[in-house]
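Hi there,

Here is the structure I promised to send over. Please have a look at it alongside the notes below.

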Amino acid sequence: MKYIEAKGQKLSRFSLGTVQIGMTYGLGEFKEKPSEDAAFALLDQAMELGVDNLDTANNYGDAEEVIGRWMAKRRADGKTVPWVVTKIGPMKHGSFDILRDDILRQTEGCCKNLGVETLDCLMLHNFSDYEQDADAIRKIFEEMKQQNMYKYSAISAYSYNDYNMIAESGFDATQIPMNVFDWGKIEDGGIEAIAKSGMMMFIRSVFLQGLVFQKPEKLDSRMAFCVPYLQKYLDLCSEFEVSPAVLALSFVLSVPGVTTAVLGCDTPEQASQNCQLFDQTIALSNDQMNKLHDAFHGIDPRVINPGCWYNHT
């Protein structure tokens, strides 16, 4: 496993997403929520392979509670536990007191669910909450920090949000989407602004809902506009002598300022496979990054918006 140090915290570059262990999520063979024993086996396998941080939320079903019981068991067995990012939101905004009470209530709930007095990293799940009451949220978070309710603060956002506002927030970290096809926030300086702020960057949606794994000739006819870009991507995989999954991960981990990539897993076997992908990643050269940029600069916006894949005229 590969590691990085950011803001004094050593982290594996693979951050394990945990929505799957708390609720029915996604499609396919493993869409059903796993049993607690199966969830524990998945989490144990990830830890044994060197994954030392998890991503969860208070609205991922009972994921926090499952993780809390699992960490209690590991502590009782004398084993180490991971660094955990958890998320709260949406918030109630009627007044400062209403907002404060809601943030405190949700944060206290996270502590209870995870079985900790102090959260490792507390993240706002919705950037819109921050936009609506930025000054109040900063004040409330500072109060909670003084009360030792969390160690690191963070904000989750989408690519259409204001990254400069994130960079100026004073928070310790952010979670944002990034993939090899979408260079918008790199080109407009948003990613650089966050990197210069010193915030940790946790990256999700690395595989663009699995597009990188598809074969051009097998794509649904409604996704024909994706074919030339997918073919360019596969050609570059061949040129760089890496698999599509490894290039997708190598790209995000080669972007300056990126801390970790968040991937979910359904089984211990998939956790092992994902760990192998991280071990196979390479630091892309400037020439390789430029070739990727040249291939996808000015991309058809439908390609990077999965909502358009099957719904267009």
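First, the ground rules. This is a predicted model, in which local features need pLDDT of at least 70 and side-chain atom pairs count only at pLDDT 80 or more, while totals for chains, interfaces and linings use all residues. Residues are numbered from 1 along each chain as its sequence is written, and side-chain values use heavy atoms, with hydrogens and water left out.

Helix 11 covers residues 244-254 and helix 12 covers residues 268-280. (Helices are DSSP runs of H or I with at least four residues, strands are runs of E with at least two, and both are numbered from the N terminus.) The two pack at an angle of about 60°, and their axes are 9 Å apart. Axes here are lines fitted to C-alpha atoms, for helices over the stretch in contact, and angles run from 0 to 180 degrees between N-to-C directions. The pair is therefore oblique; angles under 35 degrees count as roughly parallel, over 145 as roughly antiparallel, 65 to 115 as roughly perpendicular and the rest as oblique. The crossing of helix 11 past helix 12 is right-handed, meaning that the near helix is turned clockwise from the far one by less than a right angle.

On the helix 11 side, A245, V246, L249 and L253 meet L277, F278 and Q280 of helix 12 (contact means heavy atoms within 4.5 Å). Of the residues in this contact, six are nonpolar, one is polar and none is charged. In this scheme Ala, Val, Leu, Ile, Met, Phe, Trp, Tyr, Cys and Pro are nonpolar, Asp, Glu, Lys and Arg are charged, and the others, Gly among them, are polar.

L249 of helix 11 is worth a click. L249 is buried, at 0% relative accessibility (buried is under 20% relative accessible area, exposed over 50%, partly exposed in between, with a 1.4 Å probe and protein chains only). Not counting residues up to four places away in sequence, L249 touches V206, F207, A261, L263, L277, F278 and T281.

**Cysteines**

You will find zero disulfides here, a disulfide being a pair of cysteine sulfur atoms within 2.5 Å. C110 is in none, and the nearest cysteine sulfur, in C111, is 7.0 Å away. C110 is also buried, at 0% relative accessibility. For C308, the closest cysteine sulfur belongs to C226, and at 9.7 Å that is too far for a bond. C308 is partly exposed, with a relative accessible area of 21%.

**A buried histidine in a loop**

H125 sits in the loop between strand 6 (119-124) and helix 5 (127-132), and at 18% relative accessibility H125 counts as buried. Leaving aside neighbours within four places in sequence, H125 contacts A57, N59, Y60, K87, I88 and S156.

**Backbone features**

Most residues other than glycine have a negative phi, and most peptide bonds are trans. Against that background, the peptide bond from G89 to P90 is cis, with omega near 0°. P90 lies in the loop between strand 5 (83-88) and helix 4 (96-114).

- K7, at about 50°, is in the loop between strand 1 (3-6) and strand 2 (9-12) and is partly exposed at 40% relative accessibility.
- E241, at about 60°, is in the loop between helix 10 (227-240) and helix 11 and is exposed at 72% relative accessibility.

Best wishes
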